[in-house]
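Me: Please take a close look at one part of this model, starting from a single residue and its surroundings. Then go on to the other local features that can be described.

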Protein chains: 2
Amino acid sequence: MTPTRPCGVWAPAVTPFRRDLSPDTERFARHARWLLANGCSGLAAFGTNSEANSLTAEERMALLEFLVANGVPPHSLMPGTGACAFPDTVRLTAHAVALGCAGVLMLPPFYYKGVSDEGLFRSFSEVIERVGDARLRVYLYHIPPVAQVSITLPLVERLLKRYPRTVAGLKDSSGDWNNTKAMLDAFAGAGFDVFAGSEAFLLANMRHGGVGCISAMANVNPAAIHRVFECWRAPDADSMQEAITATRAVVQKYPVIPALKAIVARGLSDDEWATVRPPLVDLTGAQRESLAADLDAHGFKLAA
Amino acid sequence: MTPTRPCGVWAPAVTPFRRDLSPDTERFARHARWLLANGCSGLAAFGTNSEANSLTAEERMALLEFLVANGVPPHSLMPGTGACAFPDTVRLTAHAVALGCAGVLMLPPFYYKGVSDEGLFRSFSEVIERVGDARLRVYLYHIPPVAQVSITLPLVERLLKRYPRTVAGLKDSSGDWNNTKAMLDAFAGAGFDVFAGSEAFLLANMRHGGVGCISAMANVNPAAIHRVFECWRAPDADSMQEAITATRAVVQKYPVIPALKAIVARGLSDDEWATVRPPLVDLTGAQRESLAADLDAHGFKLAA
């Protein structure tokens, strides 16, 4: 993996499907290249917004290989690899390392609830030991509203102590700034890189020692989010932050993943892009019209 | 699949691992045969208590094939096949049908939370249509405390209407008898077979039109649970029910899956049996001694 540590705005790239629900590699690579050309420093492919857990391990690996073979530099990739079964996590992680990815974003095993920090430590440890590659950089993925299994501060501390080179950072999608701030206060000084899981906290994250954000909205609003990252020390940073937060609020009135895909579909005049895999449901025609009207009223336009 | 519909006591068989955490096919087949010889009508392999979601799809298929090749009749198997990604569910389900299994126990996709009945209907429908086999019998797996995604009555109604032959029943692990009773009241008359997810509700389930139970404790206490099933109309059924509920209460003071494995390990004087995969954690030595003492005081003994 590259010695340059990931920072900036990383997109949990949405995964396009054909109408028959098969992954669409061509549309995926085009979207990836567009994101990198429009302000994203990299792609956290196979995140929650990518419907990663609705894909098989084989589908994920094939998509990742296609990106790398089609103009996406591996050092701009941080694929999600955390599965419920550790051998799947090992396989996906080793595959990402072999491709030269900058790091991996690792969910905890999320089927069992109320598991102990000891059990989660063993899970991550098993994966790191079995991958056994000095190039591996693990970014822990804390998203309790969805995974319902948390990455706590004591767990991070223990993992950092045991694997100081490998455990590189965390994405905090708790939606709780106090938790992000606690992670920053405890670990940012030790070279542990914290990404906000929402661009709504991007400026606050930068001001407290974070390194950027990995946020759903980077799929459709990457340039404006990137400007906040780039200019966070500028006097007008607060107003730029307000603007991206306001755009986010428009989209959040709808189911977010189907809405992101509907926005891409509209921007590209390509209806098939709106397809989601179950259990998600695509927006209704009425929802898509309403979302489009809301975004028009807000003055939002997808970059060409 | 066999025309005889599953009923009675089915064990969500615990999955043995070697100390290196690899699945132990030999111990698994021995445990399966012991369960069938001691009161279980069948095995709901790869349930929650089987650590199914800590296994890869390939590991599950290999274990299932080993059972069938080693004396476990396919008509006594109802493997869990529900995964987050529907193509995995399709693959596991088609594999079980091809082996001649009595049915499959299907979790809903469990990563996304707050999904709609429409999204879950599409998930199950996609699987049923793609497997496309008249022999398929689906038992829906409702376990909201773990999956955090529910199988609601309106969803069952819609699935039964669309797939009356294929959607055969449900395991209710909600722990809420009112929910089980509502399922029985609504659908048992239509040939929809409800299994209680705990033997604590076995007698109540039988009295209200259910067909049996699929319960963790069947791994260690199958004979006594079977007697309640067999004799549910007998005058002393209530006292038999009280006895199995009391045994359950002893075990439930401990983390259940590690406790079940510790009981098997002790009964067989085979320490390796106690191994669990992370994120679960095996009982400490002190916990194992305490559990053994509690069971001895209770007069419980694993059948030879």
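Reply: Leaving aside residues up to four places away in sequence, A:Asn179 touches A:His142, A:Leu153, A:Asp172 and A:Ser174, where contact means heavy atoms within 4.5 Å. This is a predicted model, in which local features need pLDDT of at least 70 and side-chain atom pairs count only at pLDDT 80 or more, while totals for chains, interfaces and linings use all residues. Residues are numbered from 1 along each chain as its sequence is written, chains are lettered from A and ligands numbered from 1 in the order in which they are written, and side-chain values use heavy atoms, with hydrogens and water left out.

A:Asn179 belongs to helix α7 (residues 177-187) of chain A; helices (H or I, at least four residues) and strands (E, at least two) are DSSP runs, numbered from the N terminus. With a relative accessible area of 17%, A:Asn179 is buried (buried is under 20%, exposed over 50%, partly exposed in between, for a 1.4 Å probe and protein chains only). Its side chain makes a polar contact of 2.9 Å with the side chain of A:Asp172. Such a contact is a pair of N or O atoms within 3.5 Å; within protein, one must be able to donate a hydrogen and the other to accept it, and residues adjacent in sequence count only if both atoms are side-chain atoms.

In chain B, B:Val228 sits in helix α9 (residues 222-230) and is buried, at 0% relative accessible area. Beyond four places in sequence, B:Val228 touches B:Leu202, B:Leu203, B:Met240, B:Gln241 and B:Ile244. The C-alpha atoms of B:Val228 and B:Glu242, 14 residues apart along the chain, are separated by 9.8 Å.

Two loops hold a residue with positive phi. A:Gln148, not a glycine, has phi of about 65°; A:Gln148 is in the loop between α5 (144-147) and α6 (153-162) of chain A and is partly exposed, at 33%. B:Phe46, also not a glycine, has phi near 65° and is in the loop between β2 (42-43) and α2 (57-69) of chain B. B:Phe46 is buried, with a relative accessible area of 5%.

The bond from A:Pro278 to A:Pro279 is cis, with omega near 15°, and A:Pro279 is in the loop between α11 (256-267) and α12 (285-298) of chain A. The bond from B:Pro278 to B:Pro279 is cis, with omega near 15°; B:Pro279 is in the loop between α11 (256-267) and α12 of chain B.
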